[in-house]
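Hi everyone, thanks for coming.

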Amino acid sequence: MIDGTKLVVRRTFNAPIEKVFAAWVNDDEMKQWKSPEGMTTPVLEAEAVVGGKYHIQMRNDIATEGHPAGSFDVRGEYKEIDPNKKLVFSWKWDGDQRDATLVTVEFSKITDSKTEVVLTHTGFGDAKVAAEHDLGWESTFNNLRKFLAK
């Protein structure tokens with residue numbers, strides 16, 4: 001859902017909250033899912049501690065709707081980490097002249113084997129940029145669902 005210059009993605013996953021949270025903070029796990037569908041993540045380095053930095057490189061060898069071919073690097077810093085509850089981190093594309101945006105990911109236990117994740121991404125300059133990121137996050141969440149199902 002896009003509300004002006006922010007977006008919210010809400011998904012329920014058939015996995016325990018600990019497994020879902022770990023997928024967001026473990027380099028090896030993130031590398032397997034943290035890019036839109038059809039893309040790979042050849043580089044993923046993250047120091048998941050408050051003040052820690054991360055770098056994600058997403059690669060698309062074939063242009064698709066909404067994603068040109070090439071490598072795309074995003075970097076940021078972890079602002080808040082509350083295990084199994086909340087992650088907050090900045091988000092800035094390499095070469096982008098705009099200010100960094102802010103991503104908040106909240107985790108809620110529904111049952112022992114079901115978790116709701118709500119991602120709120122704020123700070124976009126306009127609704128068009130928010131909509132582009134919404135497509136990317138929705139697709140990335142599809143990859144997360146596949147990863148958690150393994």
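**From one threonine to the whole fold**

Let's begin with Thr-120, which sits in strand S8. A quick word on naming: helices (H or I, at least four residues) and strands (E, at least two) are DSSP runs, numbered from the N terminus. Please keep in mind that this is a predicted model: local features need pLDDT of at least 70, side-chain atom pairs count only at pLDDT 80 or more, and totals for chains, interfaces and linings use all residues. Residues are numbered from 1 along each chain as its sequence is written, and side-chain values use heavy atoms, with hydrogens and water left out.

So, is Thr-120 buried or exposed? Thr-120 has a relative accessible area of 17% and is therefore buried; buried means under 20% relative accessible area, exposed over 50%, and partly exposed in between, with a 1.4 Å probe and protein chains only. Leaving aside residues up to four places away in sequence, Thr-120 touches Lys-6, Leu-7, Val-8, Leu-102, Val-103 and Thr-104, where contact means heavy atoms within 4.5 Å.

Now let's zoom out to the sheet. What is the order of its strands? The sheet is open, has 8 strands with antiparallel pairing, and reads S1-S2-S8-S7-S6-S5-S4-S3. Two strands pair if DSSP finds at least two bridges between them. At the edges are S1 (2–3) and S3 (40–46), each pairing on one side only.

S4 is largely enclosed by the rest of the structure, because 6 of its 8 residues are buried.

On we go to S5. S4 (residues 53–60) and S5 (residues 70–82) run antiparallel and are joined by 8 bridges. Tyr-54 has Gly-76 as its bridge partner in S5, while Gln-57 stands opposite Asp-73.

S5 is joined to S6 by 6 bridges, again antiparallel, with Glu-80 partnered by Val-88 of S6. Their hairpin has 3 residues between the strands, and Asn-84 there takes a positive phi near 65 degrees. S6 and S7 also pair antiparallel over 6 bridges, and Phe-89 has Val-103 as its bridge partner in S7.

Next, the helices. How do H1 and H3 pack? Their angle is about 125 degrees and their axes are 11 Å apart; axes are lines fitted to C-alpha atoms, for helices over the stretch in contact, and angles run from 0 to 180 degrees between N-to-C directions. H1 and H3 are therefore oblique to each other, since angles under 35 degrees count as roughly parallel, over 145 as roughly antiparallel, 65 to 115 as roughly perpendicular and the rest as oblique. The contact is made by Lys-19, Val-20, Ala-23 and Trp-24 of H1 and Trp-137, Phe-141, Leu-144, Phe-147 and Leu-148 of H3.

Finally, the core. A nonpolar core is a set of buried Ala, Val, Leu, Ile, Met, Phe, Trp, Tyr and Cys residues joined through side-chain atoms within 4.5 Å. The largest one here has 35 residues, and those with the most contacts inside it are Trp-24, Phe-89, Val-105, Phe-107, Leu-119 and Trp-137. H3 gives the largest share of this core, 7 residues. Trp-137 touches, among others, Leu-7, Trp-24, Val-103 and Leu-119.
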